[in-house]
Amino acid sequence: MTLTDEVRAFNRFYTREIGLLNRSLPATDLSLPEARVLYELAQAPEGGRTAAEIGRTLDMDKAHLSRIVARFLARGLAASRISPDHRKHRLLRLTAAGRKVFAEAEAAARCQVDALLEPIDAAGRNRIIEAMRDIRMALRDREAPDGEVSLRSLRPGDVGWIIHRQTVLYTREYGWDWTYAGLASRILGAFVAEFDAAREDGWVAERGGAIVGSIFLMKSDDAGIAKLRLLYVEPKARGAGVGRKLVETCIARARELGYCELTLWTNDILVAARRIYQAAGFRLASEEPHHSFGHDLVGQTWTLDLG
């Protein structure tokens with residue numbers, strides 16, 4: 001199926017699931033357009049909103065909106081008054097009856113969605129939240145929530161997921177072949193097998209319950225030197241300071257554990273990551289060309305004095 005076919009199929013599925021094909025919404029006699037206008041009036045500031053403002057928000061046909069507003073006024077669900085700031089504008093607001101109808105409609109809508117989600121476990125709900133946010137952001141919804149990013153410690157399943165995601169992203173963005181997974185697996189396999197809580201740590205960045213990045217602090221053969229390893233940030237979370245937050249957390253933990261120096265190895269093609277390292281105070285110590293993951297690359301070693 002093409003993307004267009006997938007979108008249309010989902011629309012048909014979802015409109016059926018939430019009853020949009022019925023004459024009115026659950027527990028009300030309101031059509032979907034009427035319910036949307038009622039919602040906008042319920043969210044309006046105390047003074048009210050003009051029909052033109054509501055129309056711009058909903059991108060609704062003016063004539064259709066005018067008929068809905070007229071029905072609300074006739075039923076006593078809304079009232080209008082002349083704007084004190086502009087006498088040609090009329091401000092609309094809900095009456096007590098309108099607020100009652102809205103409260104009933106809102107409660108019914110929430111119960112309907114709760115019933116739809118009830119069989120889905122917590123992990124599945126988090127995936128739905130993140131997928132919905134991704135769709136809204138991709139379609140440039142101005143009201144799409146960014147979601148707060150938080151860092152947490154490692155959980156079962158994280159390491160395998162991180163290896164998978166890094167390999168997929170480096171292949172997609174830089175054309176690296178599948179052998180990158182071997183490098184990431186060796187590094188993280190040793191980290192897990194020889195983990196030393198007194199000298200090492202790792203963090204996962206989450207938004208809406210979904211992983212959007214990670215970083216690792218690993219010991220080295222020199223007791224005074226730690227390694228920053230395998231920083232990555234999901235494309236959908238870039239530009240929000242996630243990489244910077246991960247690096248700063250890793251640096252702070254290295255200092256807390258008494259390391260004198262933090263070092264990392266990267267490739268010069270990873271420009272965004274290098275900018276984060278430079279902003280955090282890392283200095284380029286050496287670089288050397290190599291052939292890895294199906295490409296000629298330039299490996300770089302960066303160091304940060306923690307004194």
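I began with my rule: a salt bridge is a side-chain nitrogen of Lys or Arg within 4 Å of a carboxyl oxygen of Asp or Glu. I noted that this is a predicted model, where local features need pLDDT of at least 70, side-chain atom pairs count only at pLDDT 80 or more, and totals for chains, interfaces and linings use all residues. Residues are numbered from 1 along each chain as its sequence is written, and side-chain values use heavy atoms, with hydrogens and water left out.

**Entry 1: salt bridges.** I looked up Glu-206 and found it in a salt bridge with Arg-155, with 3.8 Å between the closest N and O atoms. Glu-206 sits in strand 4 and Arg-155 in the loop between strand 3 and helix 7, so the pair ties together parts 51 residues apart in sequence. (Helices, H or I of at least four residues, and strands, E of at least two, are DSSP runs numbered from the N terminus.)

Next I checked Asp-158 and Arg-152, whose side chains meet in a salt bridge at 2.7 Å, N to O. Both Asp-158 and Arg-152 are buried (under 20% relative accessible area; exposed is over 50%, partly exposed in between, with a 1.4 Å probe and protein chains only). Arg-152, Arg-155, Asp-158 and Glu-206 are linked in a network of salt bridges.

**Entry 2: one helix.** I then found Arg-110 bridged to Glu-106 at 3.3 Å, N to O. They are four residues apart in helix 5, so about one helical turn separates them. Arg-110 is exposed, at 54%, while Glu-106 is partly exposed, at 25%.
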